[in-house]
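Me: I'm new to this one and I'd like to know where the labels come from. Can you take me through them step by step?

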Amino acid sequence: MVAVHVINGPNLNLLGRREPQTYGSQTLADIEAMLEKRAQALGVALTFVQSNHEGVLVDAVQAAGLAGAGVIINPGAYSHTSIALRDAITGSGALVIEVHLSNVHAREPFRHTSMISPVAAGVICGLGAAGYGLALEAITPLLKKRTASGAQENR
């Protein structure tokens with residue numbers, strides 16, 4: 001069974017009440033419940049982390065990457081500023097898919113640049129909560145392939 005850590009950054013704990021016209025009406029708990037159902041069907045073990053603190057997110061990415069787990073990350077505003085998160089991804093070898101509920105490219109110019117995107121396997125934005133499910137569907141075969149390649153190298 002592959003493992004995926006779903007890591008959410010600042011203010012995502014306010015989903016459902018924070019700017020629903022931009023971020024939708026689903027809560028983070030709603031998204032996690034939807035992902036749990038999909039993960040069971042895919043045979044994926046999920047771990048959820050949400051923090052408003054950059055260091056906690058860095059620790060979570062490092063732990064996931066060093067354990068060989070995949071990472072679905074919505075870094076929130078840290079997407080645009082956090083070299084520390086980027087370094088945690090590259091340093092731990094984490095396989096990452098970056099997710100954003102809104103289309104960051106259709107928003108303020110400062111949101112157009114992500115520190116995370118260049119080191120992510122993929123980026124999904126603008127599809128609301130569905131983006132998380134798509135990320136899970138996308139990362140699962142990548143992890144299985146990576147696991148199979150690692151097993152062959154260890155023979």
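Me: Why is Arg38 called partly exposed?
Reply: Arg38 has a relative accessible area of 29%. Buried means under 20% and exposed means over 50%, so Arg38 counts as partly exposed. Bear in mind that this is a predicted model.

Me: What makes the pair Glu137 and Arg38 a salt bridge?
Reply: Their side chains meet at 3.4 Å, N to O. The cut-off is within 4 Å, between a side-chain nitrogen of Lys or Arg and a carboxyl oxygen of Asp or Glu, so the pair qualifies. The structure holds one salt bridge.

Me: Which parts does that pair tie together?
Reply: Glu137 sits in helix 5 (residues 130-153) and Arg38 in helix 2 (residues 28-42), so the link joins parts that are 99 residues apart in sequence.

Me: And is Glu137 buried, partly exposed or exposed?
Reply: Its value is 35%. That falls between 20% and 50%, so Glu137 is partly exposed.

Me: Which residues carry the "active site" label?
Reply: In the unreviewed UniProt entry, that annotation covers Tyr23 and His100. They are spread over 78 residues of sequence, yet they cluster in space, with a largest C-alpha distance of 9.1 Å. The lining of the largest cavity includes Tyr23 and His100.

Me: Why is Tyr23 called buried?
Reply: Tyr23, found in helix 1 (residues 20-23), has a relative accessible area of 11%. Leaving out neighbours within four places in sequence, Tyr23 is in contact with residues including Leu101, Ser102 and Arg111.

Me: How do you know that His100 is buried?
Reply: The same test works here: His100 has 7% relative accessible area, and the limit is under 20%, so His100 is buried. This residue lies in strand 4.

Me: What makes His100 and Ser79 a polar contact?
Reply: Their side chains come to 3.5 Å. The cut-off for a pair of N or O atoms is within 3.5 Å, so the pair counts. Ser79 is also among the contacts of His100, along with Asn74, Pro75 and others.

Me: Where does UniProt put the "binding site" feature?
Reply: The unreviewed entry places it at Asn74, His80, Asp87, Leu101, Ser102 and Arg111. They span 38 residues in sequence and the farthest two C-alpha atoms are 24.5 Å apart, so they do not all gather at one spot. From this set, the lining of the largest cavity takes in Asn74, His80, Leu101, Ser102 and Arg111.

Me: What makes Asn11 worth a look?
Reply: Asn11 has a phi near 75°, a positive value in a residue other than glycine. Asn11 lies in the loop between strand 1 and helix 1. With a relative accessible area of 33%, between 20% and 50%, Asn11 is partly exposed.

Note on methods
Residues numbered from 1 in each chain as written. Predicted model: local features only at pLDDT ≥ 70, side-chain atom pairs only at ≥ 80, totals over all residues. Heavy atoms only, no water. UniProt positions renumbered as here; feature names shortened; annotations may be inferred. 1 Å grid on protein atoms, 1.4 Å probe; cavity = no way out; pocket = protein on both sides within 12 Å on 5 of 7 lines; lining within 4 Å. Helix = DSSP H or I, 4+ residues; strand = E, 2+ residues; numbered from the N terminus. Buried < 20%, exposed > 50% of the residue type's maximum accessible area, 1.4 Å probe, protein only. Contact = heavy atoms within 4.5 Å. Polar contact = N/O pair within 3.5 Å; in protein donor to acceptor, adjacent residues only side chain to side chain.
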